[in-house]
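I opened this notebook to keep track of what I looked up, one topic per entry. The entries follow below the display.

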Amino acid sequence: MKASLNRIRARAALILLWVAALCLIDLTMKYLVVTELMDPPRVIPVTPFFNLMLAYNPGVSFGLFSDTMGSAPRLFALLQGVIVIALVIWAVMAKTVAERVSITAVAGGASGNVIDRFRNLSVTDYLDFHAFGWSWPAFNLADVFIVCGAFLLVAISLRPDRHATSLAKT
């Protein structure tokens, strides 16, 4: 029992370390973009389909609910913080390394956006992809971590051998 508890504590410490690292990477990039790259704010074409630009998102993903969330950004950040804590607990309890990695990526990215929203009352975005007159809403590195983690989690859940194993246990 003690060995099991020590293993869970070690797993939790490692997950928290990775969440903090991803959060720090995201916040550092946001800081550098705002203070160094976008001073003054402008659009920097990188490729024919990708720009660096500065945008502030008071809403949820892709600016959804900007009006609703904009009226109470710190309350929304607090709610997001609770979700990050739940994600960390989920990651610690996950059965496989792949599940832990994917959930940790989501938690790390979300924590960067939570801190940014709490400090600035909005989330700093700077990556802008566009093609053929169509433009994806601006996003940031935290969003990349979240999407990659969510994609990996979905891919893991769709593995045929996973369902066969879980059905055999029931």
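Which residue in E3 is the bridge partner of Phe 50? I looked it up and found Phe 129. I note at the outset that the model is predicted.

**Entry 1: strands**

I went on to the pairing around that bridge. E2 covers residues 50-57, and strand E3 covers residues 123-131. I found six bridges between E2 and E3, and the two run antiparallel.

I then turned to E1, residues 44-47. E1 pairs with E2 over three bridges, also in the antiparallel sense.

**Entry 2: salt bridges**

How many salt bridges does a search of the whole structure find? I got two.

I took the pair within helix H1 to begin with. Asp 26 forms a salt bridge with Lys 30, and the closest N and O atoms are 2.8 Å apart. Both residues lie in helix H1, four residues apart, which is about one turn of the helix.

The other pair is Asp 116 with Lys 30, where the closest N and O atoms are 3.5 Å apart. This pair links distant parts of the chain, since Asp 116 is in helix H4 and Lys 30 is in helix H1, 86 residues apart. Lys 30 occurs in both pairs, and I recorded Asp 26, Lys 30 and Asp 116 as linked in a network of salt bridges.

Lys 30 is buried because its relative accessible area is 3%, the cut-off being under 20%. Asp 116 is buried as well.

**Entry 3: helix H1, other residues**

Helix H1 spans residues 2-37. I looked for nonpolar side chains on the surface and found a patch formed by Ile 25, Met 29, Tyr 31 and Leu 32. Together they have about 370 Å² of accessible area. Ile 25 has a relative accessible area of 42%, so I list it as partly exposed.

I also checked Tyr 31 for polar contacts. Its backbone oxygen lies 2.7 Å from a polar atom of the side chain of Thr 35. Thr 35 is in helix H1 and is partly exposed, with a relative accessible area of 28%.

**Entry 4: a residue in helix H4**

I picked Ser 102, which is in helix H4, residues 97-120. Why does Ser 102 count as buried? Ser 102 counts as buried because its relative accessibility is 1%, and the cut-off is under 20%. I then listed its contacts, leaving aside neighbours within four places in sequence. The residues in contact with Ser 102 are Gly 149, Leu 152, Leu 153 and Ile 156.

**Entry 5: backbone geometry**

Most peptide bonds are trans, and most residues other than glycine have a negative phi. I searched for departures from this.

Where is there a cis peptide bond? One joins Asp 39 and Pro 40, with omega about 10°. Pro 40 lies in the loop between H1 and E1.

For phi I noted two residues. Leu 121 is not a glycine, yet its phi is positive, near 65°. Leu 121 sits in the loop between H4 and E3, and I list it as partly exposed because its relative accessible area is 37%.

Phe 132 is not a glycine either, and its phi is positive at about 55°. I found Phe 132 in the loop between E3 and strand E4, which is 134-135. Its relative accessible area is 89%, so Phe 132 is exposed.

Technical notes. Residues are numbered from 1 along each chain as its sequence is written. This is a predicted model: local features need pLDDT of at least 70, side-chain atom pairs count only at pLDDT 80 or more; totals for chains, interfaces and linings use all residues. Side-chain values use heavy atoms; hydrogens and water are left out. Two strands pair if DSSP finds at least two bridges between them. Patches are made of residues with over 30% relative accessible area and no salt bridge: like charges are joined within 9 Å, nonpolar side chains (Val, Leu, Ile, Met, Phe, Trp, Tyr) within 5 Å. Accessible areas come from the Shrake-Rupley method with a 1.4 Å probe; for residues, only the protein chains shown count as cover. A salt bridge is a side-chain nitrogen of Lys or Arg within 4 Å of a carboxyl oxygen of Asp or Glu. Buried means under 20% relative accessible area, exposed over 50%, partly exposed in between (1.4 Å probe, protein chains only). A polar contact is a pair of N or O atoms within 3.5 Å; within protein, one must be able to donate a hydrogen and the other to accept it, and residues adjacent in sequence count only if both atoms are side-chain atoms. Contact means heavy atoms within 4.5 Å.
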